[in-house]
Amino acid sequence: PELGDLRTRIPPVGVPWLVLGGLVFAMANALAEEALYRGVLLYALDAALGAGWLAVGLQAAAFGLLHIHGFPRGWIGVGLAFVYGLMMGAIRRMSGGLLAPWCAHVLVDLTIVAILVAL
């Protein structure tokens, strides 16, 4: 896909600053998204629908739609983010907390940052 606009978001700084910036971004983005989707939203859906897989599926759908302009883009990106949201919801269920999905999310975001920097 065309990623020219994403390349313009990477500042022209040295590799150490890119690594540090990528790490900070990955940690903050993962914290915000996990707190919102696997924290607040999943908790609310569990309260409304019961702690079942319907709640996990609905939070994953919302997470997927959020990423329509993400990486990768479009409906393929939505589908991939939906599946990823299901997996993070399952990790949240199995772990009983947000630390495990946050750690997994940080690793995925670091991978995406590495791909963008490599381009």
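Which helix holds Asn 29? Asn 29 is found in helix 2. The model is predicted. The protein has five helices and zero strands. Read along the sequence, the pattern is α-α-α-α-α. Along the principal axes, the C-alpha atoms fill a box of roughly 50 × 30 × 15 Å.

**Asn 29 and its partners**

- The side chains of Asn 29 and Asp 109 are joined by a polar contact of 2.7 Å.
- Beyond its neighbours within four places in sequence, Asn 29 is in contact with His 105 and Asp 109.

**Helix 2 against helix 4**

- Helix 2 covers residues 15–49, and helix 4 covers residues 74–95.
- The two helices pack at an angle of about 70°. Their axes lie 11 Å apart.
- Angles of 65 to 115 degrees count as roughly perpendicular, and helix 2 and helix 4 are therefore roughly perpendicular to each other.
- Helix 2 makes the contact through Glu 34, Arg 38, Leu 42 and Asp 46.
- Helix 4 makes the contact through Gly 85, Met 88, Gly 89, Arg 92 and Arg 93.
- By class, the residues of this contact divide into five charged, two polar and two nonpolar.

**The largest pocket**

- The volume of the largest pocket is about 900 Å³.
- Helix 1 (4–7), helix 2, helix 3 (53–66), helix 4 and helix 5 (99–118) each give two or more residues to the lining.
- The lining divides into 19 nonpolar, eight polar and five charged residues.

**Points to view together**

- Helix 2 holds Asn 29, packs with helix 4, and contributes to the lining of the largest pocket.
- Helix 4 likewise contributes to that lining, and its contact with helix 2 includes Gly 85 and Gly 89.

Definitions and conventions. Residues numbered from 1 in each chain as written. Predicted model: local features only at pLDDT ≥ 70, side-chain atom pairs only at ≥ 80, totals over all residues. Heavy atoms only, no water. Axes fitted to C-alpha atoms, helices over the stretch in contact; angles between N-to-C directions. Helix = DSSP H or I, 4+ residues; strand = E, 2+ residues; numbered from the N terminus. Parallel < 35°, antiparallel > 145°, perpendicular 65-115°, else oblique. Contact = heavy atoms within 4.5 Å. Nonpolar A, V, L, I, M, F, W, Y, C, P; charged D, E, K, R; others polar. 1 Å grid on protein atoms, 1.4 Å probe; cavity = no way out; pocket = protein on both sides within 12 Å on 5 of 7 lines; lining within 4 Å. Points joined across faces, edges and corners; volume = space filled by probe spheres on them. Polar contact = N/O pair within 3.5 Å; in protein donor to acceptor, adjacent residues only side chain to side chain.
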